Each structure stands twice: as C-alpha cells, then as structure tokens.
Amino acid sequence: MTQSTPALQGDHRTVLLRGGDVHSPADPFATAMVVERGHVAWVGSEGAADAFASGVDEVIDLEGALVTPAFTDAHVHTTATGLALTGLDLSGARSLDEALGLLRAHVAAHPADRIVLGHGWDATRWPEQRPPSRGELDAAAAGRPVYLPRVDVHSAVVTSALLDLVPGVTGLTGYHPDAPLTGAAHHAVRAAAHGAVSPQQRAAAQRAALRHAASLGIGTVHECGGPDISGEEDFVGLLELARTEPGPRVFGYWGEEVGDEKDVRRIRELGAVGAAGDLCADGSLGSQTACLCEPYTDGPPGHTGSAHLDAARIAAHVVACTEAGLQAGFHAIGDAAVLAVVEGVRAASGKLGLARVRAARHRVEHAEMLTPETVAAFAELGLTASVQPAFDAAWGGEEGMYAQRLGVERARTLNPYAALLRAGVPLAFGSDSPVTPLDPWGTVRAAAFHRTPEHRISVRAGFTAHTRGGWRAVGRDDAGTLVPGAPADYAVWRTSDLVVQAPDDRVARWSTDPRSGTPGLPDLSPGAELPVCLSTVVFGQTVYVRPNE
C-alpha cells in the first residue's frame, strides 16, 4: 500500500483510496473510495476515480488490498484487557501444574508489583479438573497478594495475603475457605486488587488495549463498566483518554440500577450512553452462577445458580431509563435470567407502551440460553442481543464446558444466532475481552461455523453484526458501512480472494453470481488464514499502520 502525496494533519484531508476492493453496499464492485472531512464522500469504480485524483490531498494505492468498515466490539473491559496483555496470562495453561509454574515465574520476574494480577485460567481444560487451592497459590506466590479471576471473570482464586487486605471478606456471600470466590466476596477482593493499580498503570493498560484493538481493525469498542466491575475513576478516565487521544472510539455503558432522575443524572455525568452492559441478572455458566430453570448437571443437587435481579427490579430500571431517554440493558446468560429480563421489559412496555420501549433499543448482553419463546420476545420488545460467538468456539460442542455444566441436550440449544436473525432480533457481536480475545474475524468465523450447525449464520450476516450491528446497538443507523455520508471508520486488509459463504449452498451459489450484487468477504473457513490488518482509520484519522507496510 503506497501513498503518492504526503498526509496532511487533522481530519479535514480529502483522501482517495484506489486500486483495491471496497466493501460497500453502495457499489458491490467498488475499487475506490473518497474520504472528506472524516466522512465517506464517494465510492465507485477505478475508472471514475480518475476524476478525483487531481483534486485530493492524498492518493493511496491499495495495491489490491480490501477496505471494509472498521469493526465494533460491542462488549469490552478495556483496562482488564490491557492488564491481561501486560500481566500474567494463564489462558494457555494446559494443566494445574503449568498454571502454578507460570505464577511462580511471574512472581519471580516482577518483585516490585504490590499485587499480582492474572487472568484466564479454566480448570475444565485441565486434566486435574479443579482450580488451585489456596495453599498451592500461597506456596507459588511466596506470600504475595495474588488475584486470579477465572476466564469468565465471575469467580476468582486468591492468596491468603490478598484476603488479609480485605477486612470482613470471610463473612460475605460467595466466600469459600478453599474454593473460588463468587458474589460479594469476589467483588470485594477484585476491588482491593484493582485498587492497587496506580492511575499511571491503569492508563498504560487502557492505551495498550486500545492500541491492540486498532491493530485488529477495531474502530469502536463498547466499554462495559460498573461499580462491581471497574469503578468510576477507571470508567471516566478511559472515556477521557479515548476523547483526547487518537484511537478507537469508546462508548461507555455503566452497569448500575436507575430508580429516579438523580440516578439518571449520575449516569450521564459519568459519560455513559446507557445504564446497561454488565448490570447482572445472573453470573456465568463456567462459575456455575448463571441462573437456570433446571439444575446444573455437574453441580450440587438442586443448584440452579444465582439470581441477582428479579422481573420487578428489571421493569423498574427499564421504566426509569425509558422515561429519561436512556438506554437500559442487562447481563443475562442462564435461561431463568433471560426469562426474568423478558418479563421485566414486557412489564415496562405494559406501563409505557410497546412502541416507546422498542424505540429505546434496550439490550441484553450474552443472552446464551434462549428458548423459541424468549427469542420471539426479544423481537417483540425490540431488544438487541449483544453476543459473543467466541464463547461457542471456546466452550461449545458435545465435549465442551457447556455440555459438562448442562448436559449435551441443553448445551446444544445455546447461542442460537440463526434463530435470532430469522426472528428479526438485531445482533451486535463482541468479545467480552479479556474473557475471550479481541479477534473480530475470528468472531465472525465462530458464528459462521458454530459448533451446532443449525445455529450457523452467513459470514456476511456475522460481519454485519460486528460492524453495523454495533453502531445500531448504540442507536446509530448512519455508521458501520461505507456509503456516502457515513463516518470514515474503516480498515485496510491483506487477504486472499473474496468469496461469499453461507450455511445454505443455494444461497452461496446465487450470492456469488455477479447478478446478485453481493460484495464478497475473505474466506473464513476453519484453517484458512485470517486477514491481516494493514491500517485502521477512525473518523478519517489513521490510528494504526502495520509496521513495515
């Protein structure tokens, strides 16, 4: 990719990109695009591009590269992502012994750290099939405070030295003498661990996460904060950093209940676009805290997880947010939690009117255990499903964690993306990073090649959910696609030939016919090399360029 004229500073340059493939519904065969004042001004053919060449500030020869809208990751924990990138990563540990060895090595290599922060362990993938005991952690950490959340971040193992920093923790719900902490006990130790991170360390972690996102063609992230997640200082600091420094856009969601106008003002003063995100109706399947209608297969007898919100509280939150013109939303994974959300939102629509609730575009994060009835309710109530296809790639299948927790039959019903699309439910894709990594093309692949075939969707539908879907989830219908007038948020990719992939071969055959006018996308078949991001642009400003390109 070469430039024929030097770049000008600021967002007011007029730029012509030509000589590649531009993924645009405005012209399925486009090879060129003009960007002016931070917006797409024109999309079209190579021949027509000649008319613009002499009147622009910069001409970029794409040299056959693909230009697409930048991705939006609709569920991210930015600071935690940055800390995972720079701290102790246990996601690759293949056994309990290996995880303890990584902890010992990290402690030895970082003697000045006040508290050791790690992430990513998953005992369901280890031959021992159990988390480390407190005694094992104490020995490996040599007396240091250590906080190690499970991969889903809904439980954690900690050392005795960290517990000593949290007075009264043993009396909180979710405290277990020698098992992962959950609930209030987990929130307390997490607050203590994150409280040891200095403002400078926090800002460095946020920059690292946003740089990494930009390097993957992500132009926007939805930060999901809250009082039990990251804290106000972290949340406000991230939004200010994103506002003042080049990088991906950040839309912030604050996960706290709203009951009156004072609560609404506080949410807005924080800079949040909604009282949503990780306002938790339940926990997670991996930590056995997702709220189920029927007990866990591998849990204690009768154990159905934890319900954090009932339908009445959900309804009150939705009513207060809707009346204030504020987006509401909830974290709901288990079928009982999803049902409570549906019942609460339906009760709110009974009070305010269905049209008013639908117009607010309230959202549900994760929404994994759905039934035909709750899928239909999502469509009826205008709820956006903010989902993470990498969850299925990581934990789906007949031998995965979902099957261990729920049994094969229930596990097979999880994450029914095709049913959601057929019902007309808007989808927004994300990662929940650091729960699963920032990986937009891998996310689209996971949806297109879902472990349960009847839940698969086309690559095009998945791509739309990870671009335009994220913008629609924040109430914007004018972005996430490269058409004249749209914000110039785009990424440039080195990739193989473009194809059209769909679960139904008849769809694929017609879509690849030139008469269909369907723009192609990279081949995301399992094993195929994923596209490489060459550059990322946000509102006309370059925020990432791949080294040596």
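Student: Which residue takes a positive phi just after α13?

Tutor: G382 does, with a phi of about 70°. This is a predicted model, in which local features need pLDDT of at least 70 and side-chain atom pairs count only at pLDDT 80 or more, while totals for chains, interfaces and linings use all residues. Residues are numbered from 1 along each chain as its sequence is written, and side-chain values use heavy atoms, with hydrogens and water left out. Helices (H or I, at least four residues) and strands (E, at least two) are DSSP runs numbered from the N terminus, and α13 is the run 372–381.

Student: Which residues of helix α13 are buried, and what covers them?

Tutor: Buried stands for under 20% relative accessible area, exposed for over 50% and partly exposed for what lies in between, with a 1.4 Å probe and protein chains only. In α13 the residues that fall in the buried class are T374, V375, A377, F378, A379 and L381. Their cover, in the sense of contact (heavy atoms within 4.5 Å), includes α11, α12 (354–359), β17 (363–366), β18 (384–387) and α17 (417–423).

Student: What makes a set of residues a nonpolar core, and which members touch the most others in the largest one?

Tutor: The set must consist of buried Ala, Val, Leu, Ile, Met, Phe, Trp, Tyr and Cys residues joined through side-chain atoms within 4.5 Å. The largest such core has 77 residues, of which I314, V341, V345, F378, L420 and L427 touch the most other members. Helix α11 (residues 335–352) gives the most to this core, nine residues. With neighbours within four places in sequence set aside, V345 is in contact with I314, V318, V357, L381 and L383.

Student: Why are the buried residues of α4 said to line one face of the helix?

Tutor: The buried residues of α4 (134–141) are R134, L137, A140 and A141. Seen down the axis, they fall within an arc of 130°, so they line one face; the arc is that of the directions from the helix axis to the C-beta atoms.

Student: Why is strand β14 called largely enclosed?

Tutor: Five of the six residues of β14 (249–254) are buried, so the rest of the structure largely encloses this strand. Strands pair if DSSP finds at least two bridges between them; six bridges join β13 (218–225) to β14, and the two run parallel. H222 stands opposite F251 in β14.
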